[in-house]
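Colleague: Please walk me through this one slowly, and start with the words I will need.

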Amino acid sequence: ALELMSSSGLRFYREVRRALRKLPPNAQDYYAVVAREKFVAHRDEDDAARVELIVRKSREDLRWVLRKYSSSSDGGDGDGAAGKPDRPKLA
């Protein structure tokens, strides 16, 4: 089971990294570091229910980030107030 979760976790990590390409370069760099830290922190998680919760929350956070930058591209510079987003977590 752990091997399956590891491969699904890696697939999800790749999905996150692909989605981050839609962001401005400075935000891509920032969120890539955040995503990596979160995945490393949870890589040994073996409780399937907890993994599901982490992935679900991470998907919500990713959608929030993508919406934030897509809406700011309509008139703002797309890099948040100080170059960092208000909600810097994925997971």
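Modeller: A residue is called buried when its relative accessible area is under 20%, exposed when it is over 50%, and partly exposed in between, using a 1.4 Å probe and protein chains only. This is a predicted model, in which local features need pLDDT of at least 70 and side-chain atom pairs count only at pLDDT 80 or more, while totals for chains, interfaces and linings use all residues. Residues are numbered from 1 along each chain as its sequence is written, and side-chain values use heavy atoms, with hydrogens and water left out.

Colleague: Which pattern does the chain follow along the sequence?

Modeller: Reading along the sequence gives α-α-α, and the chain has 3 helices and 0 strands. Helices (H or I, at least four residues) and strands (E, at least two) are DSSP runs, numbered from the N terminus.

Colleague: How much of the chain is buried?

Modeller: Of its 91 residues, 26% count as buried. The accessible surface of the chain comes to about 6000 Å², and carbon and sulfur atoms hold 50% of that surface; such areas come from the Shrake-Rupley method with a 1.4 Å probe.

Colleague: And what share of the contacts is between residues 24 or more positions apart?

Modeller: If you take the contacts in the chain with a separation of 6 or more, 69% of them are between residues 24 or more positions apart, where contact means heavy atoms within 4.5 Å.

Colleague: Changing topic, how many salt bridges does the structure hold?

Modeller: There are 4 salt bridges in the structure, each being a side-chain nitrogen of Lys or Arg within 4 Å of a carboxyl oxygen of Asp or Glu. One of them joins the side chains of Arg 59 and Glu 15, with 2.5 Å from N to O. That pair links distant parts of the chain, since Arg 59 is in helix 3 (residues 48-72) and Glu 15 is in helix 1, 44 residues apart.

Colleague: Is Arg 59 buried, exposed or partly exposed, and what about Glu 15?

Modeller: Arg 59 counts as partly exposed because its relative accessibility is 31%, and Glu 15 is likewise partly exposed, with a relative accessible area of 31%.

Colleague: Which residue does Arg 56 pair with?

Modeller: Arg 56 forms a salt bridge with Glu 52, where the closest N and O atoms are 3.5 Å apart. Because Arg 56 and Glu 52 are 4 residues apart in helix 3, about one helical turn separates them. Arg 56 is partly exposed at 43% relative accessibility, whereas Glu 52 is exposed at 52%.

Colleague: One more topic: where is Gln 28, and which residues does it touch?

Modeller: Gln 28 is in helix 2 and is partly exposed, with a relative accessible area of 25%. Setting aside its neighbours within four places in sequence, Gln 28 is in contact with Leu 20, Arg 21 and Leu 23. Among these, Arg 21 is in the loop between helix 1 (2-20) and helix 2 (25-42), and Arg 21 counts as exposed because its relative accessibility is 61%.
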